[in-house]
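Hello,

Here is the structure I promised to pass on to you. Please have a look at it first, and then read my notes on what turned up.

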Amino acid sequence: MRTPLRTTSLSVSVAALAVGLLTGPPPSGADPGPTRPTAVQAAPDRPLARAPRLRVRTVARGLEHPWDVQQATGGRVLVSERDRARISVVRDGQRRTLADLSRLVWVSGETGLLSLAVDAGSRTVWACHGARSGGRNEVRVTRWRADAAWRRLSQRRVVLAGLPASSGRHGGCRLLLEREGDGLLVGTGDAAVSTNPRDLDSLGGKVLRVHRRTGAPMADNPFASAVSPRRFVWTYGHRNVQGLAQRDDGSLWSVEHGSYRDDEVNLLVAGGDYGWNPGPGYDESVPMTDQSLPGVQQEAAWSSGDPTIATSGAAWVRGAQWGPLEGTLAVAALKGSEVLFMRFDATGELVSVVRPARLARLGRLRSVTSTRDGDLLLTTDNGTGDRVLRVSPR
């Protein structure tokens, strides 16, 4: 895994950051890592070669605010529904309830049952969700084990607790299992509290990195030696993380909601500050990446500019069947009701964006997941009559 960085030189390449060629953790509270050499602000779309025709099939219907979809085994997929607090198993077009978590999950506004992560081989399921603890609201990550038939969950364990929550706004919480090792990444929202993103001892407005089984901070986290909550922090200065994805080169990427401006896709640098600071109060007119702040802020790899399209989940596209879209980052959009296929070069610079018209007629899109055979799974989030969709190149 990449080691933490500390440098003030702007000449260090982003490629080096992405593969972890630099070493040396910053002191606690430092502003590690260089800024990106070139900011990409609302870059214009530059078309690739003709994209393949796309086939869209319905995998499941009759859902309500499905937040995430992940593959299990034997052709099964798992789906979470935010407000119903229900995890379903879908197979051959048939849905059944794997777990009704309505007595466990606190639901309010944007917070409820959110992201899932699945280790199909060990039948382990992680979920990020709202919860009540000691009379207070919070967001937490919980782990279960499924039985061999994927009919029930048991052995519940809280992996990480204490993620801040207020009214339910900016609940965030996207999960990602690293492909190698035991790391679990947790993207969090700032709970609409202006001090959370840059307070290293708040778990809000962060990407966190913990051991997937124990919940302990990973040993190579930037602040792993701290005794305070900052030991869990991988990056900070985020507003409301909605997507996490790991590229084939091992680099980690996030997708995040802007205010009225600046949805972002970010290349994550260990210990990096991503520049959201809406205080005092909660002033959403400030830039998502505010370069007037002290220290060094990491510029976005892509920004929507003004207006936003409410980017959400993301997955890297794999398989030669995708033609010129292979190797792009597929990013779902809620307000924009589309999927953007973004190509970045080896250094993390934006090359092009493709917006297939076939995927712009489905309504609000929340999550996108890459299947083992290279297809994409999408969830719609229109409120009622929502679906899980499977997208295949023809």
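**The disulfide**

Counting sulfur pairs within 2.5 Å, I get one disulfide in the chain. Please keep in mind that this is a predicted model. The bond joins C128 to C173, with an S to S distance of 1.5 Å. The link of C128 and C173 is right-handed, with 65° about the S-S bond. As for where the two ends sit, C128 belongs to strand β7 (residues 124-133) and C173 to strand β10 (residues 172-177), so the pair ties together parts that are 45 residues apart in sequence. Are these cysteines buried or exposed? Both C128 and C173 are buried.

**The largest pocket**

The largest pocket has a volume of about 750 Å³. It is lined by 30 residues, and the closest to its centre are Q70, L176, L177, T369 and S370. Which strands supply at least two residues each to this lining? They are β2 (66-71), β6 (113-119), β10, β14 (241-246), β18 (311-316) and β22 (365-370).

G181 lies in the loop between β10 and β11 (183-188). Its relative accessible area is 55%, and because the cut-off for exposed is over 50%, G181 counts as exposed. The C-alpha atoms of G181 and H211 are separated by 9.0 Å, and the two residues are 30 apart along the chain.

**The chain as a whole**

Finally, here are some overall values for your files. The secondary structure comes to one helix and 24 strands. The chain has 394 residues, and buried residues make up 60% of them. If you take the contacts between residues at least 6 apart in sequence, 58% of them join residues at least 24 apart. The accessible surface of the chain comes to about 14,600 Å², and 47% of that belongs to carbon and sulfur atoms.

Best wishes, and happy browsing!

Definitions and conventions. Residues numbered from 1 in each chain as written. Predicted model: local features only at pLDDT ≥ 70, side-chain atom pairs only at ≥ 80, totals over all residues. Heavy atoms only, no water. Helix = DSSP H or I, 4+ residues; strand = E, 2+ residues; numbered from the N terminus. Buried < 20%, exposed > 50% of the residue type's maximum accessible area, 1.4 Å probe, protein only. 1 Å grid on protein atoms, 1.4 Å probe; cavity = no way out; pocket = protein on both sides within 12 Å on 5 of 7 lines; lining within 4 Å. Points joined across faces, edges and corners; volume = space filled by probe spheres on them. Contact = heavy atoms within 4.5 Å. Areas by Shrake-Rupley, 256 points an atom, 1.4 Å probe, with all protein chains shown as cover.
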